[in-house]
Amino acid sequence: SYCTLPTYRRPASFITIIMNQFVQRIANYVANEIIIKGLANSKTFQKFAVRTNKQYQDIQQQGTEKLTQTLEELAKQQASGATSASANASSSSPLKPPQRPL
């Protein structure tokens with residue numbers, strides 16, 4: 001069987017690290033410029049962006065309406081519950097403190 005010994009890898013020097021970071025930043029900048037300009041000039045992407053934004057706004061509006069409706073229903077339930085509780089309290093015996101279980 002063939003056995004390999006672990007090889008010792010020399011740590012990268014400070015200058016090599018700096019150069020790698022510099023090259024990486026340049027590559028990212030160039031790629032971003034190409035991608036952004038390409039998407040900005042693409043009619044297909046523009047249509048996609050407009051449709052997506054419209055769908056997002058519609059969903060957000062529906063969510064807002066549903067939340068408002070739910071909050072109004074809860075407020076009505078609480079109001080009707082408070083009036084029925086006050087009517088029940090006046091007709092029944094006064095409240096007693098809780099009893100300790102045996």
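I began with Phe45, which counts as partly exposed at 33% relative accessibility. The scale I used calls a residue buried under 20% relative accessible area, exposed over 50% and partly exposed in between (1.4 Å probe, protein chains only). This is a predicted model, in which local features need pLDDT of at least 70, side-chain atom pairs count only at pLDDT 80 or more, and totals for chains, interfaces and linings use all residues. Residues are numbered from 1 along each chain as its sequence is written, and side-chain values use heavy atoms, with hydrogens and water left out.

**Aromatic rings**

I looked for ring pairs next. Rings of Phe, Tyr and Trp (its six-membered ring) pair if their centres lie within 6.5 Å; planes under 30 degrees apart count as stacked, over 60 as edge-to-face and the rest as tilted. The structure holds one aromatic pair. Phe45 and Phe48 form this tilted pair, at 6.2 Å centre to centre with 40° between the planes. Both residues lie in helix H2, three residues apart, about one turn of the helix. Phe48 is partly exposed, with a relative accessible area of 43%.

**Overall build**

I then checked the fold elements. I found two helices and zero strands in the protein. Helices (H or I, at least four residues) and strands (E, at least two) are DSSP runs, numbered from the N terminus. What share of the 102 residues is buried? Buried residues make up 0%. The accessible surface of the protein comes to about 10300 Å², and 62% of it belongs to carbon and sulfur atoms. Accessible areas come from the Shrake-Rupley method with a 1.4 Å probe; for residues, only the protein chains shown count as cover.

**Salt bridges**

I turned to charged side chains. Side chains of opposite charge can pair when their charged atoms come close. My rule was a side-chain nitrogen of Lys or Arg within 4 Å of a carboxyl oxygen of Asp or Glu. The count comes to two salt bridges.

Lys54 and Asp58 meet at 3.0 Å, N to O. Both lie in helix H2 (residues 43-91), four residues apart, about one turn of the helix. Lys54 is partly exposed at 47% relative accessibility, and Asp58 is partly exposed at 31%.

Glu33 and Lys37 meet at 3.8 Å, N to O. They are four residues apart in helix H1, so about one helical turn separates them. Glu33 is partly exposed at 30%, whereas Lys37 is exposed at 52%.

**Nonpolar patch**

Last, I looked at the surface for patches. Patches are made of residues with over 30% relative accessible area and no salt bridge: like charges are joined within 9 Å, nonpolar side chains (Val, Leu, Ile, Met, Phe, Trp, Tyr) within 5 Å. Which residues form a nonpolar patch? I noted Phe22, Val23, Ile26, Tyr29, Val30 and Ile34, with about 620 Å² of accessible area together. Val23 lies in helix H1 (residues 14-40). Val23 is exposed, with a relative accessible area of 53%.
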